[in-house]
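Dear colleague,

Please find below the structure that I am handing over to you. My notes on it follow directly after.

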Amino acid sequence: MILIYIIFGLYYSFLSIQAVHVSSCAKWNTTGITVIGTNSPGNASNQLYLPQGMFLHRETNTLYIADTNNRRIQMFSLNSAPSMGVTVASNIDSMSAIYVDDDGLTMYVALQYENRVEKWIKNALNGEQIGDQCKQCTGVWLDKEKNIYMTESGTHSILKWSPTTNTKTTIAGRTDELGQTADKLYFPRGIYINRLNDALYVADMMNNRIQKWNRNSQEGITIAGSKDGISGDDNSKLASSSYVWVDEESDIIYIADSDNNRIQRWLPNQLTGTTIAGGAGRGNADNQLSVPNSLAFDNLGNLYVCDGKNHRVQMFLLIDNQTCPTSPTSHSHALFTKITTITLNILMFLSWIILTNSKLN
Ligand SMILES: *[C@@H]1O[C@H](CO)[C@@H](O)[C@H](O)[C@H]1NC(C)=O
Ligand SMILES: *[C@@H]1O[C@H](CO)[C@@H](O)[C@H](O)[C@H]1NC(C)=O
Ligand SMILES: *[C@@H]1O[C@H](CO)[C@@H](O)[C@H](O)[C@H]1NC(C)=O
């Protein structure tokens, strides 16, 4: 019995040790595979209707889709293909983003026209509002302390809700003031919190740029796109960039560059990005996208894109993960982070063994 626990414990601690990480020179097949959806809207279990958000729960290798116009959350296991969707929540209006907690049971959705974030437990009949109003709510994310971050697009700011103190703070942007200066945002949408350092990444959508706000900072730093908010389709610019995904160790970001119908990779401190998927015009061919709105990577480094206006999810296989000739990240820093994570995991695992043992005796 104890052995079984130990094996499971090792398996889970192994999963949490390895962050999804790919080389900064990695390549994906630009011919995508449709893993969910049929290119036309529908409400069958394998179909979607204008999905607006997606979250990949890595521990279980499961995709959760905010299937917006079907007013439901669909869950798809990536362990078996083709996968049939299972509805885990329904009758939800105007979803624009989804985040799933580590437990794989608790889902948070941003409801744009209902002006709030709701927490849904899998298969519950109702959701529960989290925090105060969130005007034109289009983004949601959690940090490791389970504070809930919300994008209040309607006031051009990001809110942080603490469930322990029941308080709300504005942590990025100036309420009701849109603009291009470093302290402002303009209709932000997707957000991401780096669990290693609590840095906030914002897809500052109408400013066509990605802003990084370090913890407790009053200003953001433009890390992708034009800091003046100018849109464009060359590699130095973005157009209505709606979502950002972060490789927490390397600080490489991946962007749903929605109006350019492409996914851009941007390395730290660079003035240009590179297209890793799409960028072949708006359409539903294998190498095209139509207003992508979110993305994620599985544990093998394959890329998944929620291809909103094509009512589908495209998967782009990782085909080359070779290390670059010169790495832009500091090796010693990456190594230090890794050692810290491994040590923490071993400590947690040991305390868990002791706990289980004392329960069994
Ligand atoms: C990319 O995928 C397509 C379709 O599955 C396949 O025909 C092609 O050989 C792949 N290309 C590479 C470089 O793996
Ligand atoms: C699914 O769509 C069909 C039409 O395509 C419609 O008749 C049916 O009522 C829909 N079902 C639900 C549950 O919305
Ligand atoms: C890709 O290679 C890097 C080393 O550059 C390694 O850390 C990472 O785990 C690899 N990722 C995958 C998905 O194989």
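The model is predicted, and its pLDDT averages 90 over the chain, with 84% of the residues scoring at least 70. Residues 1-18 have a pLDDT below 50. Beyond near neighbours in sequence, this stretch makes 15 contacts in the model.

As to secondary structure, the chain contains 26 strands and two helices. The chain has 361 residues, of which 40% count as buried. Where contacts join residues at least 6 apart in sequence, 47% of them link residues at least 24 apart.

The largest nonpolar core comprises 78 residues. Those with the most contacts inside this core are Ile98, Val109, Val140, Ile253, Ile255 and Leu303. For Val140, leaving aside residues up to four places away in sequence, the contacts are Ala97, Tyr99, Tyr108, Val109, Ala110, Val117, Ile148, Tyr149 and Met150.

Turning to the ligands, I looked at the surroundings of ligand 3. The residues around ligand 3 are His21, Val22, Ser23, Leu300, Gly301, Asn321 and Thr323. By class, this shell holds five polar and two nonpolar residues and no charged ones.

Two residues deserve a note on backbone geometry. Asn61, which is not a glycine, has a positive phi, near 55 degrees. Asn61 is placed in the loop between β3 (53-57) and β4 (62-67). Asp251 likewise is not a glycine and has a positive phi, of about 65 degrees. Its place is in the loop that runs between β19 (241-247) and β20 (252-257).

Are these two residues buried or exposed, or in between? Asn61 counts as partly exposed because 16 C-beta neighbours lie inside 10 Å of it, and a residue is buried at 20 or more and exposed at 12 or fewer. Asp251 has 21 C-beta neighbours inside 10 Å and therefore counts as buried.

With kind regards

Note on methods:
Residues numbered from 1 in each chain as written. Chains lettered and ligands numbered in written order. Predicted model: local features only at pLDDT ≥ 70, side-chain atom pairs only at ≥ 80, totals over all residues. Core = buried A, V, L, I, M, F, W, Y, C linked by C-beta atoms within 7 Å. Contact = placed C-beta atoms within 7 Å. Near = placed C-beta within 6 Å. Nonpolar A, V, L, I, M, F, W, Y, C, P; charged D, E, K, R; others polar. Helix = DSSP H or I, 4+ residues; strand = E, 2+ residues; numbered from the N terminus. pLDDT = per-residue confidence, 0-100.
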